[in-house]
Amino acid sequence: MLQPNILLIMTDQQRFDSLGCYGFEAAHTPNLDQLATDGALFEHCYVNNPICTPSRSSLMTGKHLPGHGVYQLYDNLPEDQVLFTEHLQRLGYHTALFGKLHVCSRYTEAEKRHPHDGFNVYEWCLDHAIHLDSPFNGYAKWLKEKDPEFYDRLCREGKALLHIPREVHMTHWAAEKTIDYVNNAPGNQPFFGMMSVFDPHDPYQDYPLEIGDLINEAEIPDPFVLESDFEDTLPTLKRLSIEGGKARKLSESELRKIRFGYHASIALIDLEVGRVLKALEQKGLAENTLVIFASDHGDMLGDRLQTKKGGFFYDACVRVPLLMRWPSRFSGGKKLPQIVQLHDLAATILETAGMKRNELQQIMPDAINLIPFCAGESLVTHDAAYCVYRNSSLGGRNTNSPYFDPPVHATMIRDQRFKLNLYNTTNSMEGQLFDMHKDPREENNLWTDKDHTGIRESLTKQILDFLVHQDAHFVGKRGGEALPPRWSS
């Protein structure tokens, strides 16, 4: 078989249950739902960390956090780390990025490229409204030519500029560039394209106004909150909610507005993805192109009194959509229950491109190729997924650091049935244990339930074994950090 083309479509902060194909009735996602029908839908894909930079570093290197050394939002990927795209180049691929990479602090990426990013075409854009003056910002360059008046307005107003017209929206730009790339791809070699958009990340009101007409607000459920979330939740989770989030301060109408805007942004993504998939069809490339759709983490959207993302491991935050289609390799209509993780995409892409499995195991031994699952050829999967949070996200009260002080450290394990979350505080260890078969909404914490003591101890031991193994085999140098000017020395 000829080496396939590969198209990776990445969104930012998109929870798993935001698409129609995952059962969300209020979604307007016909193109992504059709992608699932024509390919495979992974029901349980977990991220390695619930924050952009560590999560995307895992995606691009095929490693858990200790393997690549990126733990916090403003960390930099060490310069000796190699992104899977560089390996693709060695395998004969032409590679292109349109949009967000974020394997380093945004302040670093605005000034220089990672030495092993592996992209032949590098049209970077982290966010539609920041670093517009970066020499790498492809969206800003495009916008200057397409609509200089709107570009000037965006420079002035930044994120305060809402309801961006579709024809100048970053999501539209990323689709336009991807379509151009598909239509003009080198004919003598396979291509890898990464269309990486910023939405449905906040601010939630940047969607074009007309796209809002596609969403029925009445069908969007209110945030899911338990009475215990107000008073009896873990002290650490309550602290994260108060110091790092805004859910306790937002009114019902404000939360409804956020949730509406979130799903309107996803409707726009779906429309633009539909255009890209149509371009593949028209070019005659769809049959032998592996299309992957995924996101870097979820968004709580007010559920459990949490907003956005952070040091909590509810599925809304750490479980993401994962769709794959490759007509010449596997048939469609599959819903796959295996536990998989975002870093598996690196191994999936490289083995698809022709890398030998033994070489792949040397580079990223914890990542597995997911294509055999799609083709019904393998039932081998991870025994469990691990999500590692090391004070990764932003706190709200410290004037000396952007992070929580004292720091918050936590680790999640999710096996075929149970999820265990450990929170290591200064004086104690807090925990959550959920039976995900009987309690998929994570309402009943079994941490202190005597009938589940054995399960709690066994999963705790598995976490310790995992961390010791990672520390013993993969911990290398850190890549430093680039903090916002307020906290820079």
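## Reading the labels in a predicted model

Biologist: In this predicted model, which residues of helix H1 meet helix H11?

Modeller: Pro30, Asn31, Leu32 and Leu35 in H1 meet Asp270, Leu271, Val273, Gly274 and Leu277 in H11. The residues of this contact divide into six nonpolar, two polar and one charged.

Biologist: What makes H1 oblique to H11?

Modeller: Helix H1, residues 30-38, and helix H11, residues 252-282, pack at an angle of about 55°, with their axes 7 Å apart. That angle makes H1 oblique to H11, because angles under 35 degrees count as roughly parallel, over 145 as roughly antiparallel and 65 to 115 as roughly perpendicular, while the rest count as oblique.

Biologist: How do you know that the radius of gyration of the protein chain agrees with that of a compact globule?

Modeller: For 489 residues, a compact globule would have a radius of gyration near 23 Å, and the protein chain has 21 Å, so the two agree. Along the principal axes, the C-alpha atoms fill a box of roughly 65 × 50 × 50 Å. Of the 489 residues, 61% count as buried, and among contacts between residues at least 6 apart in sequence, 74% join residues at least 24 apart. The secondary structure comes to 16 helices and 13 strands.

Biologist: Why is Gln72 called buried?

Modeller: Gln72 has 13% relative accessibility and therefore counts as buried, since buried means under 20%. Gln72 lies in the loop between helix H3 (65-68) and helix H4 (84-90). Leaving aside neighbours within four places in sequence, Gln72 is in contact with Thr53, Pro54, Arg390, Asn391, Ser392, Tyr403 and Glu481. Gln72 and Ser393 are 321 residues apart in sequence, yet 6.4 Å apart in space from C-alpha to C-alpha.

Biologist: What is to be noted about the phi of Leu305, and why is Leu305 called buried?

Modeller: Most residues other than glycine have a negative phi. Leu305 is not a glycine, although its phi is positive, at about 65°. Leu305 is found in the loop between strand S6 (289-295) and helix H12 (315-318), and at 7% relative accessibility Leu305 counts as buried, because the limit for that label is 20%.

Biologist: What makes Lys308 partly exposed?

Modeller: Lys308 has 30% relative accessibility and so counts as partly exposed, given that buried means under 20% and exposed over 50%. Lys308 lies in the loop between S6 and H12, and the phi of Lys308 is near 55°, a positive value in a residue other than glycine.

Biologist: Where does the peptide bond from Asp202 to Pro203 stand, cis or trans?

Modeller: Most peptide bonds are trans. The bond from Asp202 to Pro203 is cis, with omega near 5°, and Pro203 lies in the loop between strand S5 (191-200) and helix H9 (228-231). The peptide bond from Asp405 to Pro406 is cis, with omega near 5°, and the place of Pro406 is in the loop between strand S10 (385-390) and strand S11 (409-414).

Terms used: Residues are numbered from 1 along each chain as its sequence is written. This is a predicted model: local features need pLDDT of at least 70, side-chain atom pairs count only at pLDDT 80 or more; totals for chains, interfaces and linings use all residues. Side-chain values use heavy atoms; hydrogens and water are left out. Axes are lines fitted to C-alpha atoms, for helices over the stretch in contact, and angles run from 0 to 180 degrees between N-to-C directions. Helices (H or I, at least four residues) and strands (E, at least two) are DSSP runs, numbered from the N terminus. Contact means heavy atoms within 4.5 Å. Ala, Val, Leu, Ile, Met, Phe, Trp, Tyr, Cys and Pro count as nonpolar, Asp, Glu, Lys and Arg as charged, and the others, Gly among them, as polar. The radius of gyration is taken over C-alpha atoms; the globule rule is 2.2 Å times the number of residues to the power 0.38. Buried means under 20% relative accessible area, exposed over 50%, partly exposed in between (1.4 Å probe, protein chains only).
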